[in-house]
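Subject: Structure handover

Hello,

Here is the structure for you to look over. My notes follow below it.

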Amino acid sequence: CCFEEVAYLLINGELPNEKQLEIYQAELAKNRDLPQSLKAVLEYIPQNAHPMDVMRTAVSFLGNIEPETKENDQFEITTRLLGMLPAALIYWWHYVNQGKRIECTSQAKTVAEHFLTLLHGKKPSDLYQKMMDVSLILYAEHEFNASTFAARVTVATLSDFYSGIVSAIGTLRGPLHGGANEAAMELIEKFTNADDATSGIKKMLAEKQKIMGFGHRVYNECDPRNVVIKKWSKKLADDLGDSKLYDISEAIEKVMWDEKKLFPNLDFYSASAYHYAGIATSLFTPIFVISRTAGWAAHIMEQRKNNRLIRPSANYIGPEARFFVPISLR
């Protein structure tokens, strides 16, 4: 299926039929354009800013000019965000790198096609469009991860929908969560070939360096999402006739399993798949945002249905009780 079907399922609890999907995709398409004031804000963000900061700012500012009200409820805001986030990211990207103000709409039917069309200025082939669609599905939702929990903590205080999404984006920005795909790409690009990767990773392990993109808090034997995206990385490598990054990735995967019994997670082969699709490394995690907004929205809606303030307890392990000493005697 396509990403829009998965987003619809997460938000509405059921898969859409053909007519419902058609209507939903049309609604997403109607929400793609950016307000002029948001474009102006994006143009002020410097070139050296991290694209995740761009996503955070875009959502926060949209919350100022299109605030959540009874007339503009959480379902409409979710559709708005899923529709406009690709343009928010790519409008800034083209402006700061080329001084070009792009059109934020397209004739693309899906979010995946729309994103790649804005990025490359032309309609993507079916192969690359499908890879992006699959990737968006794989990233759409993944239970109580750090960013999802952050979003639920925020809205549990009865804060607004946008604040929940901004909290999630800020949490996802960290390399131990969403930023792992960028770190994985930087690791892969260190090596010239598979043999170099094999010796290099062994050396890094001997030096107890952290290898990003491996292992997972939820899975014990493999990340089933990685199995899917790895196949797409291979398909794109074959299409381009350039298997260098894929071969290096496989070499790293083998060493990590042989030496540590650690398996690659979704982020690891997503890195090479995105690279093959002509996507800059710094845009990897923002793509995660575009997709995971559907999952975050579903969690926010669920939290609100039966809300209780999330207030974890803590065990104090500091000093014992002490007497206050007046400053003149310290």
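How many salt bridges does the count come to? The count comes to 15 salt bridges. Bear in mind that this is a predicted model.

Overall picture

The chain has 15 helices and 0 strands. Its radius of gyration is 22 Å, close to the 20 Å that the globule rule gives for 330 residues, so the chain is as compact as a globular protein of that length. The C-alpha trace spans about 70 × 55 × 40 Å along its principal axes. Of the 330 residues, 52% are buried. Take the contacts between residues at least 6 apart in sequence: 76% of them join residues at least 24 apart.

Charges

There are 37 positive and 40 negative side chains in the chain. The centres of the two sets lie 5 Å apart. Side chains of opposite charge can pair when their charged atoms come close. Some cases from this model follow.

Lys-30 and Glu-27: these side chains meet in a salt bridge, at 3.0 Å from N to O. Both residues sit in helix 2 (residues 18–30). They are 3 residues apart there, so about one helical turn separates them. Lys-30 counts as exposed because its relative accessibility is 63%. Glu-27 has 31% and counts as partly exposed.

Asp-223 and Arg-225: this pair also forms a salt bridge, with the closest N and O atoms 2.8 Å apart. Are the two partners buried or exposed? Asp-223 is buried, with a relative accessible area of 1%. Arg-225 is buried too, with 11%.

Glu-253 and Lys-230: here the closest N and O atoms of the salt bridge are 2.9 Å apart. Glu-253 lies in helix 13 (residues 244–260) and Lys-230 in helix 12 (residues 224–240), so the pair ties together parts that are 23 residues apart in sequence. Glu-253 and Lys-230 are both buried.

There is also a network of salt bridges. It links Asp-53, Arg-56 and Arg-173.

Now look at Asp-133. It sits in helix 7 (residues 126–139). Asp-133 is buried yet has no salt bridge. Which side chain of opposite charge is nearest to Asp-133? That is Lys-130, 4.5 Å away. Leaving out residues up to four places away in sequence, Asp-133 touches Cys-1, Cys-2, Phe-3, Glu-4 and Ala-112.

Pro-67 counts as partly exposed because its relative accessibility is 37%. Which residues does Pro-67 contact, leaving aside its neighbours within four places in sequence? They are Leu-62, Asn-72 and Tyr-162. Glu-141 is 74 residues from Pro-67 in sequence. In space the two are 25 Å apart, C-alpha to C-alpha.

Over to you.

Best wishes

How values were computed
Residues are numbered from 1 along each chain as its sequence is written. This is a predicted model: local features need pLDDT of at least 70, side-chain atom pairs count only at pLDDT 80 or more; totals for chains, interfaces and linings use all residues. Side-chain values use heavy atoms; hydrogens and water are left out. Helices (H or I, at least four residues) and strands (E, at least two) are DSSP runs, numbered from the N terminus. Buried means under 20% relative accessible area, exposed over 50%, partly exposed in between (1.4 Å probe, protein chains only). Lys and Arg count as positive and Asp and Glu as negative; His and the chain ends are not counted. A salt bridge is a side-chain nitrogen of Lys or Arg within 4 Å of a carboxyl oxygen of Asp or Glu. Contact means heavy atoms within 4.5 Å. The radius of gyration is taken over C-alpha atoms; the globule rule is 2.2 Å times the number of residues to the power 0.38. The place of a charge is taken as NZ of Lys, CZ of Arg, CG of Asp or CD of Glu.
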